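Here are some notes for a first look through this structure. Keep the model open while reading them.

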Amino acid sequence: MTDVNRLPVLVSLQHLSFQFANGETLLHDLSLSIDHTPTGIVGRNGRGKSILAQLIAGVLPPSSGSLDCSARVAYVPQAVVVNAGQTVADITGTAEPLAALARMAAGVARVDDLEVIDDRWDLAERLRTALDAAGLAALGFDTRADQLSGGQLARVAVIGAMLAEPQLLVLDEPTNHLDGDGRTWLLQVLQAWRGGLVVVSHDRQLLNTLGRIIELSPLGTQVYGGNYAAYRLQRDTEQHAAIAALEHARLERSRERRRLQKDHDSLQRNAARSRKHAETANVDRFTKARWKGAATEIVSTVRSAHHTHKSELDDQVREAYARVEDETPTLLALPGSAVPNGRRVIALAEVQLPWLSQPPLTLDLIGPVRVAVQGPNGCGKSTLLKVLAGLWQPVRGECTVPVPSAYIDQHLALLDDQRSIIDQLNLLDTPLAEAQLRTRLALLQLDALRVTQPAGQLSGGERLKAAMAIALWRATPAQLLLLDEPTNHLDLESVLAFEQALQGFDGAMLVVSHDPAFVQAIRPTHHLRWQPEGWRLESV
């Protein structure tokens with residue numbers, strides 16, 4: 001990545017705001033300049049990271065303000081949408097020029113084929129080289145996209161963006177579905193990239209390769225020079241200063257309140273003496289009344305000044321508190337779904353997984369086991385979970401899951417994006433009263449607005465929280481969780497809270513994750529590892 005100090009501006013955002021149709025404002029009066037400095041966008045879920053990426057890429061128009069883009073931009077979203085019949089060539093955006101090249105080679109070219117090809121005569125060779133380098137040598141240009149794993153699809157989408165030869169590359173959570181080899185490949189590709197780069201990510205390894213961090217927070221947008229480690233150091237320093245300022249504001253308020261109370265008590269005594277003196281003084285009644293009124297007016301004036309000063313002190317405390325972040329968000333309070341020892345939760349007998357040519361799988365899991373399913377992209381991890389969830393049938397063999405289960409897939413298909421969370425839970429006969437349900441959802445940081453708006457309008461992290469709530473708070477609570485890359489759409493703080501929540505779950509779980517820190521945190525009892533000769537269950 002380039003480290004030139006003075007770089008031309010590729011995208012300029014001036015006083016830009018973004019507002020949803022329901023009136024909710026997500027970004028307000030934002031001014032930024034994007035140049036060739038590799039830039040990461042971070043922040044809590046729901047702050048607008050993906051919206052900002054789409055604004056920079058020109059995918060979304062701003063509600064107000066101006067956006068000046070002088071660069072060709074390629075954008076890769078969090079979730080790549082695959083339409084029926086699409087192939088690898090379609091996902092990479094090369095289907096048309098590849099078809100034109102094929103017609104030219106066959107001598108049946110069309111009138112506009114030269115225009116379609118432009119100067120990309122070596123496109124097939126470059127696409128083949130890129131796929132091979134990404135560990136996708138087994139894929140052909142005509143391989144169906146709906147047969148790709150999440151990690152394979154993510155790599156194909158990035159390859160397509162780079163083959164478009166943009167001047168600015170905008171990636172939204174590009175490591176979400178990548179295995180270890182895929183992450184290594186992506187880091188190498190981005191290190192060699194010479195164009196501008198904007199990345200929305202919670203991947204600390206990736207963020208540490210960048211040269212600038214943009215943080216979205218309740219206080220607005222802050223830009224930090226340096227990588228993620230430098231950003232965290234500066235943020236931690238700022239937080240320590242904010243906590244100290246809050247403590248100082250609270251102590252100052254307490255001290256001033258004591259002083260004001262002391263002054264008030266003294267003034268009341270003096271006023272009482274003045275009124276008593278006026279009452280006994282040898283003066284006419286009009287003078288007495290004037291003296292009493294003056295004493296009362298002084299007390300009223302001082303009391304008003306004290307009230308104003310107390311309000312100012314409260315405002316100072318509130319302002320200081322607003323700069324202190326909540327470091328312990330509650331992501332999910334899991335219900336009691338205990339699996340007793342000796343209870344069978346999964347039984348697979350000589351199961352052949354669909355789409356895959358590999359030895360059959362026999363598996364017998366008993367009790368509250370925690371199984372981390374591990375293997376490279378495309379080995380069948382997600383396929384295995386879909387078979388266990390009953391969404392796909394095995395080619396042969398017998399699959400039995402004798403306990404209630406909940407399946408959260410990579411694309412959150414459990415959610416109906418047209419309905420609100422409340423509506424979906426009510427349709428699933430949740431046993432929770434609406435007041436209790438709203439309280440639990442609030443603990444997920446899903447406020448009254450978000451629980452009543454269509455799920456499709458939520459951020460990636462909020463949609464995961466909604467999916468977990470729907471899976472666990474419906475009529476029949478799950479005793480087995482089938483989780484496919486559950487942390488993909490979470491910010492770092494929420495990942496930690498999610499880990500804590502899963503640690504307290506007393507049911508069984510099978511988890512597919514390429515995040516080693518997350519796998520370790522859920523305290524697996526077993527690892528189910530893919531090997532070319534077949535799956536192997538290992539006790540921890």
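**Notes on the predicted model**

1. Start inside the fold. Arg450 and Glu24 are both buried. This is a predicted model. The two side chains meet in a salt bridge, at 2.9 Å from N to O. The pair links distant parts of the chain, 426 residues apart. Arg450 sits in the loop between helix H13 (434-443) and helix H14 (460-472). Glu24 sits in the loop between strand E1 (11-19) and strand E2 (25-34).

2. Arg450 has another partner. Its salt bridge with Glu462 brings the closest N and O atoms to 2.7 Å. Here the two residues are 12 residues apart, with Arg450 in the loop between H13 and H14 and Glu462 in helix H14. How buried are they? Arg450 has a relative accessible area of 13%. For Glu462 the value is 5%.

3. Next, the salt bridges as a whole. The structure holds 26 of them. One joins Arg144 to Asp146, with the closest N and O atoms 2.7 Å apart. Arg144 is partly exposed, at 40% relative accessibility. Asp146 is partly exposed too, with a relative accessible area of 44%.

4. Salt bridges also form a network. It links Glu252, Arg255, Glu256, Arg259 and Asp263. Lys310 belongs to helix H10, which covers residues 285-322. Lys310 is partly exposed, with a relative accessible area of 32%.

5. Now the aromatic side chains. How many aromatic pairs does the structure hold? There are four. In one of them, the rings of Tyr224 and Tyr231 have their centres 5.2 Å apart and their planes at 75°. The pair is therefore edge-to-face, as the angle is over 60 degrees. Tyr224 and Tyr231 are both buried. Together with Tyr228 they form one aromatic cluster.

6. Trp355 and Trp392 form an edge-to-face pair as well, at 6.3 Å centre to centre and 65° between the planes. Where do the two residues lie? Trp355 is in the loop between strand E10 (344-352) and strand E11 (361-366). Trp392 is in the loop between helix H11 (381-388) and strand E13 (396-400). The pair therefore ties together parts that are 37 residues apart in sequence. Trp355 is exposed, with a relative accessible area of 56%. Trp392 is partly exposed, at 29%.

7. Check the backbone at two places. Most residues other than glycine have a negative phi. Trp355 has a positive phi of about 75°. Asp118 has a positive phi as well, of about 55°. Neither residue is a glycine. Asp118 lies in the loop between helix H4 (113-117) and helix H5 (123-133). Asp118 is exposed, with a relative accessible area of 53%.

8. Stay with the loop between H4 and H5. Trp121 lies there. Trp121 is partly exposed, with a relative accessible area of 46%. With Met104 and Leu114, Trp121 forms a nonpolar patch on the surface. Together the three have about 300 Å² of accessible area.

9. Step back to the whole chain. The secondary structure comes to 16 helices and 18 strands. The radius of gyration is 31 Å, well over the 24 Å that the globule rule gives for 540 residues. The chain is therefore more spread out than a compact globule. Its C-alpha atoms fill a box of roughly 120 × 65 × 40 Å along the principal axes. Of the 540 residues, 48% count as buried.

10. Last, the record. An unreviewed UniProt entry carries the annotation "domain: ABC transporter" for residues 11-243 and 343-540. Over residues 11-243, the chain is 38% helix and 24% strand. The end C-alpha atoms of that stretch are 36 Å apart.

Notes
Residues are numbered from 1 along each chain as its sequence is written. This is a predicted model: local features need pLDDT of at least 70, side-chain atom pairs count only at pLDDT 80 or more; totals for chains, interfaces and linings use all residues. Side-chain values use heavy atoms; hydrogens and water are left out. Rings of Phe, Tyr and Trp (its six-membered ring) pair if their centres lie within 6.5 Å; planes under 30 degrees apart count as stacked, over 60 as edge-to-face and the rest as tilted. Buried means under 20% relative accessible area, exposed over 50%, partly exposed in between (1.4 Å probe, protein chains only). Helices (H or I, at least four residues) and strands (E, at least two) are DSSP runs, numbered from the N terminus. Patches are made of residues with over 30% relative accessible area and no salt bridge: like charges are joined within 9 Å, nonpolar side chains (Val, Leu, Ile, Met, Phe, Trp, Tyr) within 5 Å. Accessible areas come from the Shrake-Rupley method with a 1.4 Å probe; for residues, only the protein chains shown count as cover. A salt bridge is a side-chain nitrogen of Lys or Arg within 4 Å of a carboxyl oxygen of Asp or Glu. UniProt positions are given in the numbering used here, feature names are shortened, and annotations may be inferred rather than shown by experiment. The radius of gyration is taken over C-alpha atoms; the globule rule is 2.2 Å times the number of residues to the power 0.38.
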